[in-house]
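Here are my notes for your first look through this structure. Keep the viewer open and follow the points in order.

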Amino acid sequence: MWKRVHVGSPRIWTRDVQKIWSTWRCRLCSSASVNTPPTHTRTQAEKAKRRREREKTILNSDGNEVGLEWSEKEKIIYTAALLPGEKKDTSLPFPQSYSPEYVEFGWYQWWEKQGFFSPEQHSKLPHARDDYFSFCIPPPNVTGTLHLGHAMTVAIEDALARWRRMQGYKVLWVPGCDHAGIATQSVVERKLLRDQGKLRQDYSRDEFLQEVWRWKNEKGDEIYHQLRKLGASLDWSRACFTMDPGFSSAVTEAFVRLCDSGLIYRSEGLVNWSCALESAISDIEVDSKELSGKTLLSVPGYQQKVEFGTMVTFAYPLDGQDGEVPVSTTRPETMLGDVAIAVHPDDPRYKALHGKYCRHPFTDRLLPIITDTMVDINLGTGAVKLTPAHDHTDFLLSQRHTLPRLTVIGGDGTMTSLCGQWLEGVKRFDARERVIDALMEKKLFREKKSHPMSLPICSRSGDVIEPLLKRQWFVRCQEMAQKAVQAVEEGDLQIIPHFYTKMWKNWLSNISDWCISRQLWWGHQIPAYRVTLQNSNNTEEEKWVWGRTATEARERAAVKFGVNPDHITLTQDPDVLDTWFSSGLFPFAMLGWPQQTEDLKQFYPNSILETGSDLIFFWVARMVMLGKELTGQLPFKQVLQKKIKEGNLDPRESVVAMEAQKKDFPKGIPECGTDALRFALCSYKAQGDDISLSVSHVLSCRHFCNKMWQAVRFTLATLKDASSPASLAETHPVSSMDRWICSRLYSTVQQCEQAFESYELHTVTSALHSFWVHSLCDVYLESIKPVLKHESSDSEEQRVGERQSATSVLYHSVSISLSLLSPFMPFLTEELWQRLLPYSPDSVESPTSLCVQPYPKTSQLDHWYFPKEDADFTLVQEVVRVARLLRAQCQITKEKPDLWAVCTPDQAQTLLRFRSAICTLGRISELHLYCPDGGFTDSPPPVGSAVGVVDHSIRLHLNVQNSVNVDKQRTLLSQRRQKLDTKLKQAISRTQVHNYTEKVPDRVRQETSNKIAAMEEDLKNIEDQLSALGDIRKQD
C-alpha cells in the first residue's frame, strides 16, 4: 500500500524494529540549534559552493576523526519470571539507567490481554464520553517487512489513537494487510523458481494459489509482529486482510453494484503493460526514468543491455508520386503498427500533402496523411507516425479520426503475426534493430541521434512499460470524481494541510477512466462471466454478465438473453481486480459492509485518514469516490497528509551520506528503542514538508528518555523519604519556584491541547521536550534540592511546609507530564507511571494502565496558573546565565562567591522572591541586592569584581578577589576586550555601507543596533574591571 522511502542503514535498535529502519536511506546531517536564526540569507550559488566543500571534506578525510560522542550503554534486561500477558512487577529495584530492552519487555502483551485497545473497554472508563474516533491503518503489503515510512505512519496514528482514548473517546483503530496482487505473486514466483525450479505456468491456478496462501501463512504475520513492537494500540480482534472471505464478499458486492449502475464497463483501451509480468499495472507502479540521451539499460529477458534515449528518423515514400515524408520516433519497432501520418494543418512543409497517402515499405499498407492541431510543428520532422495500439496520444487521435488500431507487440513482448514472418515471435527490442537494418536496406533510414526522454519502468519487475490495447474492465470516474471535488469545496471533507485541496481538484477534474483488470492469479477474481449460448454461431461478439455467485450470474444471463439457464455456458473472467480497487473499500469493508453490522453503525464514517501525500490520488481519492457511491457517505471526515522525501538521491549524495554516517558513528549506532524512534518521528513537521530523518536526532531522543528516567528516579527517592503527596486539587504551591513550575506545566498542557486538535504533533513534542528538559530537569529539580534537604529556611515548621509543598508539586508535575507524553512514548511512560502509582494520593482501580487514564486538561490546572511568576522568571534565568558566564570567564570551578545585583526596585523585588533559586542555580553563596532607592541597603559591590550586564539594566558583580589570580584575570579580560573590540568594529562597519537604511529591513537594523549597544556596554564593563584590578595590583 505504501511507497517505500529510503534512509541510511543504521543499527538503531535490535531485532524486529531494526527491520523497519534497515530499508531506509537518508542523508545524515548535524542539527543546528533551533534558537539561532541565520544572520543572512545565502544565495543558491553560495549554498552549492558550501555543499561541494562539505562533500569534499567528507570524502577526502582520512577517517581518523572522532565521530559523534556517545558511550555504549549497559544493557539491562528484565529477568523476573513473567508469563505472556502477565503484568510486570514494578516493585523490583529501579535500574540505574534507562534501557529500552528492559522497559519495553512485557508491557504490550499485558495491554493486549487486558483489552485496553478495544472499543469495548470504553464503557469501563470513568471519564468516558459519548464520542467515537475510528480510522484504519493504511494496510501495508503482505509481501515484506515494515520500513520507516510505515514507522512514521504508526507513530503518528498511534499518538492520535492513544490521545483520543485518554480523552474518553470510544476509539477503534483497525489493523489490516493488503494482499498486494502483483508484488505477492512476483515474490512467490521467484521463490518457487529458486526453491523448486518451477514457473507459475507449471502449476494449475488452484495449485499456485495454494502456494501463495502457504507463503502468506508463513510470512504474513511478521508485519503484525512489528506493529506490536512499535507499540501500536490496534484492536487485533478486528484485524482485516483484503483476501479474507468477508472482505472478498465486499469486493464482489462492490463490483456487482457498480456494474449494475453502469459505472463499471468492459471496453478496449490502452493500458500500462508489463511484458515481464504479462499484466496491466496501475499508474503508481510505473516509475519514470529520465534519460539525458543515449543510454544502455538492462531489461528483463535480454542478455545484452538495450539502447534507449535515441531518436530514429526514417522516411515513408509517397504513394503514386515522387517524394517522401520523414518521421521520427524513439520506438522504431512500432512502425509496423503505423496506420497514418499526422501533420499540423498550418505546417507549410506539408500543405501540398494533405489527404495524400504514403506506402508502408514492409506491409504495403496505405497510410493517409491527416491534419491535426495536436501535432507539434517544432518537434522532430513535424510529421508524426500514428500507432494507435501502442501510444496513448496516437490512441486519442485514432478516436478523433476513426483510424484502425493494429497490435504488433503481444503481451509477452514479442512481435505479432501482423508484422510478417520475418518479425513474428521476435522480442520487441531485438525487432528494433532488425527494423532499422531493413530500413537501411531500403534506403529509407535517415539518421539516429541522442535524444532526452522519459522512460516508463515497471516498479515491480524493472521492465520497460509497453502501452498495449486490451479489452478490460474500466470504472467511469468523472461523475464520482466531481462528487469528491464538491465534498472538499463544501467543507464536508477536510484535507490537511489545506494546500493539497488545489491538487485534489486539478487531478480529479482531469481524471480518466480507471482500468481495474489485472492479468494475475493472486487477487480477487473478477466476478464477471463470459456467456456462451447453446447453438450460437457468433463467436466474435462478447457477451458478459456479472453476479455475486455463478448461480446468480446464470440467472442474470437467462433474463438478459431470454434463454433457458440450462442452455448457457459461463466462463469466469480469469483476470483479477486491481489491488487499489479492494483497498479503496477498506474504510467500510473492514467494518463488515455490505452487512449492516454494529461496527458499521457505530464507527462509519471514519473520523480521519492519515497517510502519505503520494497516495492522495491512487488511494485516498478512490476511497472517497467508492465510499460515497457505495455507502452514500464520505468514508472519513478529515485527511491528514504527510510528505516523506522519496529515495531519489543523486548517487553522489548517497556516497557522501554513507561516508558521513561512518564518521559520525564509527562504532555503529547505539540501540535507541521504540519510544525514542516514535518521539523523533513525531517531532518532524509532517504536514507538507519533506522529511529527512537525522539519526543523531533519534539518538538525542534516546538521551531524552534517560533524562526522564533519572528525573523519575530522583522523584521516587524524594517520595520514599517524605509523607504522601497531596491530591492535585489540594496542592497549592508555596514558593516562587513551585508556582513557576506549576505555571509552566499549565502552559505546556495548553500547548498540547491546541496542537493535538490541529494535528501539529511536532508542536506537542517540542513543548513536552522543552518542559521536561529545560524547565523540570535543568531548573526546577536543581532548585529544590536544598529545600528537600532542609537547607532552605530557618524555621523548622517552614522547612517542613516547603518540603511538603515541593514534594507534592514534584509528584504531580512528573505524573502529569508522563501522561502528556504517553501517546508518543507508551512503553517508557507506562514503566515510570507504574513506579509512581503506589504514591498516588487518589484511589486507582487495579489493574490499570496509563494508556486509559484521563489526558491532562487545563481545566484541572486552573489553580496552577501564575502568569506573573512565569513572566518574572525570564529575568531570573538571565541573571543565572550571566552569573554562570562570569564564573566560567573567571575559571571558577569549586568556590561559590557572592554576587551583587545593582538593579531597579521592581527588579530587586523579583530577584528577592527567587533569591534561593538564583543562589542554587548560579552556584553562588549569597545574592546581595544593591538598590538604595528601593530600600535594599545591602553593601555596594566590592571593587575588582567581575561584572556582567543583564537586560541592559542590571549590573552583576561577582566577588572574585579571593577566588582568582589577579594577573591571570587581567590577561583573560584583555583577551576578551580584544575579541569584543574586533566584533564591535565589524558590526559598526556593516551599518556604514552605502544605502544601509534602504537595503536592510527595520527589524534587522534594530537587532544590529541592540547588539552594538550590548557590546559597547560589555567593553565598558571590561575596562572598569581592568581598572579595578589595576588598583588592586598597586595595593599589593
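1. Let's begin with the rings. Searching the whole structure turns up 39 aromatic pairs; rings of Phe, Tyr and Trp (its six-membered ring) pair if their centres lie within 6.5 Å, and planes under 30 degrees apart count as stacked, over 60 as edge-to-face and the rest as tilted. How are the rings of Trp163 and Phe756 arranged? Their centres are 4.5 Å apart and their planes at 5°, so this pair is stacked.

2. Helices (H or I, at least four residues) and strands (E, at least two) are DSSP runs, numbered from the N terminus. Are the two residues buried or exposed? Trp163 is buried, at 1% relative accessible area, and Phe756 is buried too, at 0%. Here buried means under 20% relative accessible area, exposed over 50%, and partly exposed in between (1.4 Å probe, protein chains only). Both residues belong to one aromatic cluster, together with Phe679, Phe704, Phe824 and Tyr855.

3. A word on what you are looking at: this is a predicted model, in which local features need pLDDT of at least 70 and side-chain atom pairs count only at pLDDT 80 or more, while totals for chains, interfaces and linings use all residues. Residues are numbered from 1 along each chain as its sequence is written, and side-chain values use heavy atoms, leaving out hydrogens and water.

4. Now the whole chain. It contains 31 helices and 32 strands, and 53% of its 1036 residues are buried. Among contacts (heavy atoms within 4.5 Å) with a separation of 6 or more, 77% are between residues 24 or more positions apart.

5. Next, the interior. A nonpolar core is a set of buried Ala, Val, Leu, Ile, Met, Phe, Trp, Tyr and Cys residues joined through side-chain atoms within 4.5 Å. The largest one has 154 residues, and Leu160, Leu227, Trp772, Tyr780, Phe824 and Leu911 touch the most other members. Which helix gives this core its largest share? That is α23 (residues 761–788), with 14 residues. A second, separate core has 65 residues, including Cys136, Val488, Leu493 and Met625.

6. Leaving aside residues up to four places away in sequence, Leu227 touches Ile137, Leu146, Val154, Ala232, Leu234 and Trp236.

7. Now for a sheet. Three strands make an open sheet in the order β23-β22-β24, with antiparallel pairing; two strands pair if DSSP finds at least two bridges between them. Five bridges join β22 (residues 528–533) to β24, and Arg530 stands opposite Thr571 in β24.

8. Finally, find helix α14 (residues 550–561). This helix lies across β22, β23 and β24 and runs at about 135° to β23. Axes are lines fitted to C-alpha atoms, for helices over the stretch in contact, and angles run from 0 to 180 degrees between N-to-C directions.
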